[in-house]
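Thanks for coming. I will take one protein chain and go through it from the overall layout down to a few single residues. Please have a look at the sequence and the model first.

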Amino acid sequence: MRVITGSARGRKLKELPGLDTRPTTDKVKESIFNIVQFDVEGRSVLDLFAGTGQLGIEALSRGAEKCVFVDFSRQAVGVIRENVEHTGFTQNSRVVQSDALAFLTSCREKFALAFLDPPYASDLLEKALEKMAAIDIMSENGIIVCESSMDKLLPQLPPPYRMGREYRYGKIKLTLYHRQAD
């Protein structure tokens, strides 16, 4: 696992041992950033269910202003901190060990770009999306990128949020949500 491009290009990232975390493949990660390439630079990013932090780190490498990494696992948070330090993004990062829904409930900031990649077999993606829409955590024209299994049906969200395109990569589906301008 490595940073694909930008200021930290080629840097290898530490992975979590075992099978509890399923890192996003380089192919899917590259596709995500091809989709949002004009919506990263200078933006505030949320990497929810961060795992190793690779999506947020890739965004920082491509010019995101800052990233908040959230994961429930103490071990994952340790790996994220190591990866953030190794890539030189400590000043642009905040790493939070928290349950994702609890973090969202207490969050008082807005994000322009959010990555959601929870365990596929859980209902955390749906719950997080609904919570994000309810508290309106995204800035105007913000984008939420969701990674899920192909068969996962995601909810429609109330305005100003709308579901955008879906992209399929083998057994993986990316779904975009957009926050409309007021």
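**From the fold to single residues**

In total that is five helices and seven strands. Please keep in mind that this is a predicted model.

How does the radius of gyration compare with the globule rule for 182 residues? The chain has a radius of gyration of 15 Å, close to the 16 Å from the rule, so the chain is as compact as a globular protein of that length. The C-alpha trace spans about 40 × 30 × 30 Å along its principal axes. As for burial, 53% of the 182 residues count as buried. Among contacts with a separation of 6 or more, 65% are between residues 24 or more positions apart.

Now the sheet. The seven strands form an open sheet in the order E3-E2-E1-E4-E5-E7-E6, and the pairing is mixed. Which strands are at the edges? They are E3, residues 93-97, and E6, each of which pairs on one side only. From one strand to the next, the twist averages 15°.

E4 and E5 run parallel and are joined by five bridges. Within this pair, Ala114 is opposite Ile144 of E5.

Two helices on the sheet come next. H3 touches E2 and E3, and its direction makes about 170° with that of E3. H5, residues 124-135, packs on the sheet as well, touching E1, E4, E5, E6 and E7. The direction of H5 makes about 175° with that of E5.

Next, the interior. In soluble globular proteins, nonpolar side chains tend to be buried together. Here the largest nonpolar core has 32 residues, and those touching the most other members are Ile32, Phe33, Phe69, Leu113, Phe115 and Val145. Elements that each supply at least two residues include H1, E4 and E5. Which element gives the largest share? That is H2, with four residues. A second, separate core has 28 residues, among them Leu46, Leu104, Met138 and Tyr161.

Apart from its neighbours within four places in sequence, Val145 contacts Ile32, Val36, Leu113, Ala114, Phe115, Leu116, Thr175 and Leu176.

Now the aromatic rings. A search of the whole structure turns up one aromatic pair. Phe33 has a relative accessible area of 0% and is buried. Phe115 is buried too, also at 0%.

Phe49, in the loop between E1 and H2, has a positive phi of about 60° although it is not a glycine. Asn141 lies in strand E5, and its phi is also positive, near 65°. Finally, the peptide bond from Pro159 to Pro160 is cis, with omega near 15°. Pro160 is in the loop between E5 and E6.

Terms used. Residues numbered from 1 in each chain as written. Predicted model: local features only at pLDDT ≥ 70, side-chain atom pairs only at ≥ 80, totals over all residues. Heavy atoms only, no water. Phe/Tyr/Trp six-rings, centres within 6.5 Å; stacked < 30°, edge-to-face > 60°. Buried < 20%, exposed > 50% of the residue type's maximum accessible area, 1.4 Å probe, protein only. Core = buried A, V, L, I, M, F, W, Y, C linked by side-chain atoms within 4.5 Å. Contact = heavy atoms within 4.5 Å. Pairing = 2+ DSSP bridges. Axes fitted to C-alpha atoms, helices over the stretch in contact; angles between N-to-C directions. Rg over C-alpha atoms; globule rule 2.2 N^0.38 Å.
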